[in-house]
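I opened the notebook to record a walk through one chain.

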Amino acid sequence: MIPVRRPDWRGRLSTVVEAALQRPFEWGVHDCALFAGEAVLAMTDVDLAEGWRGRYRTPLGALRVLKRAGHSDHVALAAALLPEIHPAHASVGDIAAVQVGDSLVIGVVIGPTVAAPGPADLEFVPRTEIHRAFHVPFDGEGA
């Protein structure tokens, strides 16, 4: 089931991003994939991260859980759950894969940047650096 945004999605997304500014990075609790899942949950009331939280505590553990579920990595999981769009078409609320340091992470488009938890804090990467993007549809859009 592809989630659809609620009418009040913008305010809900802002709340998630603001809360993430105060949370430290923690594998299986507050990492890039779970942050993206929280953003989608806030915007749609559909929890795409259900069943993933707390199942790993390291990057290797995350990869093992993903591979057992049939996904090569967290970006492949996003591609399995949401329709992929060209990075140039990504807009506020869409999920995007961006480079943070040595890692490809997923976050949420929040305007001219993509917000994603990095090793220390929430990172803000320019939209122009999006590698892959995934659309969170609006009602009546027919994803």
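This is a predicted model: local features need pLDDT of at least 70, side-chain atom pairs count only at pLDDT 80 or more; totals for chains, interfaces and linings use all residues.

These entries follow the order in which I looked things up.

I moved on to strand 2, residues 95-100. Is strand 2 mostly covered or mostly open? I found it mostly covered, with five of its six residues buried.

Next I took its pairing with strand 3, residues 103-109. The two run antiparallel and share six bridges. Strands 2 and 3 make a hairpin, and two residues lie between them. I checked the turn and found that Gly101 has a positive phi of about 65°.

On to strand 6, residues 132-134, which also pairs with strand 2. Here I counted three bridges, again in the antiparallel sense. Ile95 stands opposite Phe134 of strand 6.

**Entry: helix 1 against helix 2**

I looked up the axes of these two helices. They come within 8 Å of each other and cross at roughly 150°. The cut-off for roughly antiparallel is over 145 degrees, and helices 1 and 2 therefore count as roughly antiparallel to each other. I logged the crossing of helix 1 and helix 2 as right-handed. From helix 1, the contact uses Trp9, Arg12, Leu13, Val16, Val17 and Ala20. From helix 2, it uses Phe35, Glu38, Ala39, Leu41, Ala42 and Met43.

**Entry: salt bridges**

How many salt bridges are there? The count comes to eight.

Asp94 and Arg5 came up in my search. Their side chains meet in a salt bridge at 2.8 Å, N to O. This pair links distant parts of the chain, 89 residues apart. Asp94 sits in the loop between strand 1 (84-85) and strand 2, while Arg5 belongs to the segment before helix 1 (9-20). I checked their cover, and both Asp94 and Arg5 are buried.

Then I took Arg12 and Asp45. The closest N and O atoms of this salt bridge are 3.1 Å apart. Arg12 counts as partly exposed because its relative accessibility is 25%. Asp45 is partly exposed too, at 44%. I traced the network around this pair: salt bridges link Arg6, Asp8, Arg12 and Asp45.

My last pair was Glu84 and Arg132. Their closest N and O atoms are 2.8 Å apart in the salt bridge. Glu84 lies in strand 1 and Arg132 in strand 6, so the pair ties together parts 48 residues apart in sequence. Glu84 is partly exposed at 43% relative accessibility. Arg132 is also partly exposed, with a relative accessible area of 30%.

**Entry: His71**

I went to the loop between helix 3 (59-68) and helix 4 (74-81), where His71 lies. Why does His71 count as buried? The limit for buried is under 20% relative accessible area, and His71 is buried because its value is 16%. I then listed its contacts, leaving aside neighbours within four places in sequence. They are Trp52, Leu66, Ala76, Leu77 and Ala80.

**Entry: Gly51**

I placed Gly51 in the loop between helix 2 and helix 3. At 41% relative accessibility, Gly51 counts as partly exposed. For a distance, I set Gly51 against Ala96. The two are 45 residues apart in sequence. In space, their C-alpha atoms are 21 Å apart.

Notes: Residues are numbered from 1 along each chain as its sequence is written. Side-chain values use heavy atoms; hydrogens and water are left out. Buried means under 20% relative accessible area, exposed over 50%, partly exposed in between (1.4 Å probe, protein chains only). Helices (H or I, at least four residues) and strands (E, at least two) are DSSP runs, numbered from the N terminus. Two strands pair if DSSP finds at least two bridges between them. Contact means heavy atoms within 4.5 Å. A salt bridge is a side-chain nitrogen of Lys or Arg within 4 Å of a carboxyl oxygen of Asp or Glu. Axes are lines fitted to C-alpha atoms, for helices over the stretch in contact, and angles run from 0 to 180 degrees between N-to-C directions. Angles under 35 degrees count as roughly parallel, over 145 as roughly antiparallel, 65 to 115 as roughly perpendicular and the rest as oblique. A crossing is left-handed if the near helix is turned anticlockwise from the far one by less than a right angle, and right-handed if clockwise.
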